[in-house]
2 protein chains.
Amino acid sequence: MSFSVQILGSGSAVPTSSRGLTSQFISISSRHFLIDCGEGTQTQMRRFGVKFQRIDAVFISHLHGDHYFGLIGLLSTMNLLGRVKPIKIFAPKELETILNLQIEYDGSRMSFDIEFIATEAKQETVLFEDEKVIVRSFPLSHKVPTTGFKFTQKEKQRHLLVDKAKSHGVKFEHYHLLKSGVDVVNDEGKEFKSIEYTLPGESEKSYAFCSDTKYSESIVPFLKNVDLLYHEATFTEEFIDRAKATMHSTAQQAATIAKMANVGKLLMGHLSARYEDGEQHIEEAHPIFQKSEFVEDGNTYPV
Amino acid sequence: MSFSVQILGSGSAVPTSSRGLTSQFISISSRHFLIDCGEGTQTQMRRFGVKFQRIDAVFISHLHGDHYFGLIGLLSTMNLLGRVKPIKIFAPKELETILNLQIEYDGSRMSFDIEFIATEAKQETVLFEDEKVIVRSFPLSHKVPTTGFKFTQKEKQRHLLVDKAKSHGVKFEHYHLLKSGVDVVNDEGKEFKSIEYTLPGESEKSYAFCSDTKYSESIVPFLKNVDLLYHEATFTEEFIDRAKATMHSTAQQAATIAKMANVGKLLMGHLSARYEDGEQHIEEAHPIFQKSEFVEDGNTYPV
């Protein structure tokens, strides 16, 4: 099943003509999630043809405006367009107070339910789980409580060797157990081992999102072996002092984390408005971690 | 002195590719004001080259999101760019609570002072006055408390007939009194009448902003003889029932108000996203009030 990340905004702090503020649209096994929602996110969605009524849940990393000021506008538009489907919002608890005031002062009833779930920036937490997907948060190091998010697509069911199962007399009602990895015994007491009657399904895949954060090796365990890592790279080495002061990262630091975590590929983003593009970031990251690139708004990256 | 209105957004409810949400930049005798600030206003300002650090005060008409969700983002950007100059915000009192929470959760200190002045939607009020400008609010009829705004550039000083004054022996220190319309008497008891030694200065000019409002003749007295009127025209006659239900106006209704108030010119805006453009609105308004047009984002209209 599909698993992809579309970048809606890859700038930082202030929107520019080429980059919107942080937001990403995640499609994973027919679930649709939004990470962060800077001002203008709904406009970016329209621009890139993202159907925002499909969003099941929103994950907000922290309460700096460039990561959430667009959320209330997006919810308002969903309401004006008659959304009925409930939406989940995972965010620092203070956001609920702000949203509730904004909705109250608007004076009209929302057409759909908002389920608010407060996040916790102190330890890894499972925020959401169903049969196909797990979403976890984990702590980042920034000026205010901030979480990263990890989206995991669970291992697929094993593929049944149908002809072998049939010819050996496996009962039809045992097929799904074998595909789930369970060994079965028939009425005559004969055992059929899952591993002998199935081939492996597609393995687990995962995507981790880290924005905003200073360089911090303590996050490496949460990112270990993920297929795709987005790590902020606001600055190049030239501005490492500025990175430290603002608790952001450089491209080299992002690449170092990617290498330590042995990830499949690194996406860098959250570009400071002082840069025209991410070329210098790529140059500085490549010697440390070759499979890295700087994202562009609108691009979709498969996990 | 200059007096103009630049349209930053003329759409309603949801932003579209051609129209931003409500916001206008007013330049009046070297003062710079912003009316309303829908999501994306700061991006529109960049697009149209408006220097937002010049803004002295912001006037928010009401607390529907398409008129204010962009304000906190604009203030944040002013802060990030190191603004020092204080700013005044005139708005319904509830907005202060929301802004204060958003600033508090951001965790950093604003680099400039925000002076919040609560507006009152029950009667006409002078919000701001100095030697050159008066800004008043007045009540509109909408689903939540809403005010219109009237910006008046005061009458200019009279022009002194210098040669005549000199030759008749008017004392130099009396010149400014004559220019201000005051008659003077010299040491010998001779009177000099202002009207005989000066010509009229430029007369008072005014601009009134009405968005959002249902058709309401009660606002006509506040708009009487203004040089330029912006009146919302969300709908055409085809959707008059929708206009009534949502407490908005049609183009014919805007034109009727303009005619009754004997204004110099009518600007229509706040276009429903169901329309491609304002052509039909213009067709319906012209038979009632010829000097009317539908605004476009980025355009500047002299008062």
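This report walks through a predicted model with chains A and B, from overall layout to local detail.

Residues are numbered from 1 along each chain as its sequence is written, while chains are lettered from A and ligands numbered from 1 in the order in which they are written. Because the model is predicted, local features need pLDDT of at least 70 and side-chain atom pairs count only at pLDDT 80 or more, while totals for chains, interfaces and linings use all residues.

## Layout of chain A

Chain A is split into two parts: domain 1 (3-156 + 202-302) and domain 2 (159-198). The domain bounds come from an automatic or database domain assignment. The C-alpha centres of the two domains are 43 Å apart. Along the principal axes, the C-alpha atoms of chain A fill a box of roughly 70 × 55 × 35 Å.

Chain A has ten helices and 18 strands. Both are DSSP runs, numbered from the N terminus: helices are H or I with at least four residues, strands are E with at least two. Of the 303 residues in chain A, 45% are buried. A residue is buried if 20 or more other C-beta atoms lie within 10 Å of its own, exposed if 12 or fewer, and partly exposed in between, with C-beta atoms placed from the backbone.

## Where the chains meet

How many residues of chain A are in contact with chain B? The count is 29, and they meet 29 residues of chain B. Contact means that the C-beta atoms of two residues, placed from the backbone, lie within 7 Å. On the chain A side, α1 (41-47), α2 (71-80) and α3 (94-106) each give two or more residues. The most come from α3(A), with seven residues.

Ala, Val, Leu, Ile, Met, Phe, Trp, Tyr, Cys and Pro count as nonpolar, Asp, Glu, Lys and Arg as charged, and the others, Gly among them, as polar.

| Class | Side of chain A that touches chain B |
|---|---|
| Nonpolar | eleven residues |
| Polar | 13 residues |

The same surface serves both copies, as 100% of the contact residues of chain A recur in chain B.

## A buried loop residue

B:Asp36 sits in the loop between β3 (31-35) and α1 (41-47) of chain B. Is B:Asp36 buried or exposed? B:Asp36 counts as buried because it has 27 C-beta neighbours inside 10 Å. Leaving out residues up to four places away in sequence, B:Asp36 touches several residues, including B:Thr22, B:Ile60 and B:His67.

## Helix α2 of chain B

Helix α2(B) is mostly covered, with eight of its ten residues buried. Among them are B:Leu71, B:Leu74 and B:Met78. The buried residues of α2(B) pack against α1, β4 (57-59) and α3 (94-106) of chain B. After α2(B) comes B:Gly82, with a positive phi near 80°.

## A sheet in chain B

Seven strands form an open, mixed sheet in the order β7-β8-β9-β14-β15-β16-β17. Strands pair if DSSP finds at least two bridges between them. β7 (125-129) and β17 (292-294) are the edge strands, each pairing on one side only. β16 (residues 265-269) and β17(B) pair in the parallel sense over three bridges. There, B:Leu267 has B:Glu293 of β17(B) as its bridge partner.
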